[in-house]
Amino acid sequence: MPAAVVVGGGIGGLAAAIALHRIGWRVTVLERAGEFGEIGAGLALWPNATRALAALGLAERVRAIAAVETAGGVRDRAGRWLFRTDNSDVARRHGRPLLMVHRAELVRVLVAALPADLLRPGGEVRAVWPDGDGAVVEHRDGRVRADLVVGADGIRSRVRRQCWPEARPPRYAGCTAWRAVTEPLDGRGAEGALFWGRGERFGFAALPGGRFYCFAAARAPEGGEEDASAGFARRFGGWPDPVPELLAAVPEGAVLRHDVYAVPPLASYVRGRAVLLGDAAHAMDPALGQGAGTALEDAVTLAACLRADPDVDVALARYDRARRPRTRAIVRRSARMGAASLVAWPPGAWSRNLLARLVPPGLLLRSMDPVLGWTPPELPEPAELPGPAERVEPAERAAEAVPAPGGRPGGDA
Ligand SMILES: Cc1cc2nc3c(=O)[nH]c(=O)nc-3n(C[C@H](O)[C@H](O)[C@H](O)COP(=O)(O)OP(=O)(O)OC[C@H]3O[C@@H](n4cnc5c(N)ncnc54)[C@H](O)[C@@H]3O)c2cc1C
């Protein structure tokens, strides 16, 4: 039975492990952090993402932790609606609505779908090198050999740096993002909105339990050092209702602030028996809310390709052909949307807002069909999820332990 080591236990890596496990691969997930979890705030799961989750057998479990936004839309800096959207239109067009979840709760669902002995928290990967028809992974506690190494280790991917030494480093997208989740607020319903300012945007969306996910971005020099909570309040505290109320309901110290980066295009997501997915392959501007969605798509597609073809190299080539053009197109589209929402030049912002008022919302939704309309390849129905312990190899045997490295590629081991 073939074995895979998944490097990184974020949304992409956990989804890949579930998908590979479903097709009968032995899997070990090596996660740098001491436990599996996400400190992140909220997450929008569009129909393409929820179809991928359905292919993993998790549709109902995710639905149970999600809020279904009723209505939303885009408003200008003064609070006037530029256009309104209705989640029932998304559901009608795509057979499922947009779901809002807390990231930590989504990660809990993914972790619960895997037998615990496949998961290795505290397993930071330090080096990866090819070894015949496989690869060797050196981690904090030793080395393992596997038929396949899945680099799901995020934007600063060690696997990418090691196996793609020529790849350019992530590029600063010119903006900083803030995220936070409020305490429960009574009577606010499940409406959300996105405000477009000049060089700044602020959005909010309902989460289960009366909480709201607040997300914002602004053009800013790379590496700003202002305290996250102070910067968030300073920039957005004076925005139209309900922004001040939302900011006041964010617990002390609960604002996350990150500079936004994109991974420059790679010539392939596959090198030998190493394969990249999620942010490691194509981290993108968050403006379309598609980073995690495309990571989920990658995971399902990878397993489907490996299941369809017994020749791993052929399957990986097929994965690359399926994923690279699509994710590159979404990266470009996200960058365009991010740039449009953060136009700082007053005539540019005015023209953007005018255009947004004129374009019928139905047309905007239709224009998203290529992104939201993705359908997953089929994965077999497992006997049970999470798999019964007796069907699962112990983690030590999920990938064969190796004593010493062979030839090592360039990189920063
Ligand atoms: C502000 C913002 C808002 C966003 N909103 C959305 C949204 O609404 N919808 C959406 O779909 N996407 C959204 N995204 C994008 C989404 O967060 C990411 O695309 C997604 O989380 C990527 O998942 P991943 O598993 O590929 O990487 P990550 O989540 O980065 O996970 C990588 C994992 O690898 C681990 N790791 C790293 N190095 C090593 C190592 N050497 N050894 C072992 N483990 C390692 C890390 O600890 C981490 O757990 C947003 C992004 C931002 C910045």
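Strand E1 (residues 3-7) and strand E12 (residues 148-151) run parallel, joined by four bridges. Ala 4 has Leu 148 as its bridge partner in E12. Helices (H or I, at least four residues) and strands (E, at least two) are DSSP runs, numbered from the N terminus. Two strands pair if DSSP finds at least two bridges between them. This is a predicted model: local features need pLDDT of at least 70, side-chain atom pairs count only at pLDDT 80 or more, and totals for chains, interfaces and linings use all residues. Residues are numbered from 1 along each chain as its sequence is written.

E1 and E12 belong to an open sheet of six strands, in the order E8-E2-E1-E12-E19-E18. The pairing is mixed. Strand E8 (119-121) and strand E18 (270-271) stand at the edges with a single partner strand each, so one side of each has no neighbour in the sheet. Helix H1 lies across E1, E2 and E12 and runs at about 170° to E2. Axes here are lines fitted to C-alpha atoms, for helices over the stretch in contact, and angles run from 0 to 180 degrees between N-to-C directions. Contact means that the C-beta atoms of two residues, placed from the backbone, lie within 7 Å.

## Three-stranded sheet

A second open sheet has three strands in the order E3-E7-E4, with antiparallel pairing. E3 and strand E4 (67-68) are at its edges, each with a single partner strand, so one side of each is left without a neighbour in the sheet. Two bridges join E4 to strand E7 (residues 99-102) in the antiparallel sense. Ala 67 stands opposite Met 100 in E7. Helix H5 (residues 103-112) packs on this sheet and touches E3 and E7. The direction of H5 makes about 85° with that of E7.

Val 68 lies in E4. Val 68 counts as partly exposed because 17 C-beta neighbours lie inside 10 Å. The cut-offs: buried is 20 or more other C-beta atoms within 10 Å of a residue's own, exposed is 12 or fewer, and partly exposed is in between, with C-beta atoms placed from the backbone. Leaving aside neighbours within four places in sequence, Val 68 is in contact with Asn 87, Pro 97, Leu 99 and Ala 190. Asn 87 is 19 residues from Val 68 along the chain, and their C-alpha atoms are separated by 7.8 Å.

## Hairpins and a parallel pair

Strand E5 (residues 71-76) runs parallel to strand E14 (residues 193-196), with three bridges between them. Asp 76 stands opposite Trp 196 in E14. E14 also pairs with strand E15 (residues 200-206), in the antiparallel sense over four bridges. Ala 193 is opposite Phe 204 in E15. E14 and E15 form a hairpin with three residues between them. Gly 199 in that turn has a positive phi of about 75°.

Ala 127 has Glu 138 as its bridge partner in E10. Four residues lie between these strands, and Gly 132 takes a positive phi near 55°.

## Ligand shell

The ligand is surrounded by 35 residues. A residue counts if its C-beta atom, placed from the backbone, lies within 6 Å of the molecule. The closest are Gly 8, Gly 10, Gly 154, Gly 278 and Gly 291. Elements that supply at least two shell residues each include helix H1 (11-22), strand E2 (26-31), strand E3 (42-45) and helix H10 (291-308). H10 gives the largest share, four residues.

The shell divides into 16 nonpolar, twelve polar and seven charged residues. Ala, Val, Leu, Ile, Met, Phe, Trp, Tyr, Cys and Pro count as nonpolar, Asp, Glu, Lys and Arg as charged, and the others, Gly among them, as polar.

## A buried leucine

Leu 372 is found in helix H14 (residues 369-372). Leu 372 is buried, with 21 other C-beta atoms within 10 Å. Not counting residues up to four places away in sequence, Leu 372 touches Trp 46, Pro 47, Asn 48 and His 94. Pro 47 is 325 residues from Leu 372 along the chain, yet their C-alpha atoms are separated by 5.7 Å.

## Whole chain

The protein chain has 15 helices and 20 strands. Its radius of gyration is 21 Å, close to the 22 Å that the globule rule gives for 413 residues, so the chain is as compact as a globular protein of that length. The radius is taken over C-alpha atoms, and the rule is 2.2 Å times the number of residues to the power 0.38. The C-alpha trace spans about 65 × 40 × 40 Å along its principal axes.

Of the 413 residues, 48% count as buried. Among contacts between residues at least 6 apart in sequence, 76% join residues at least 24 apart.
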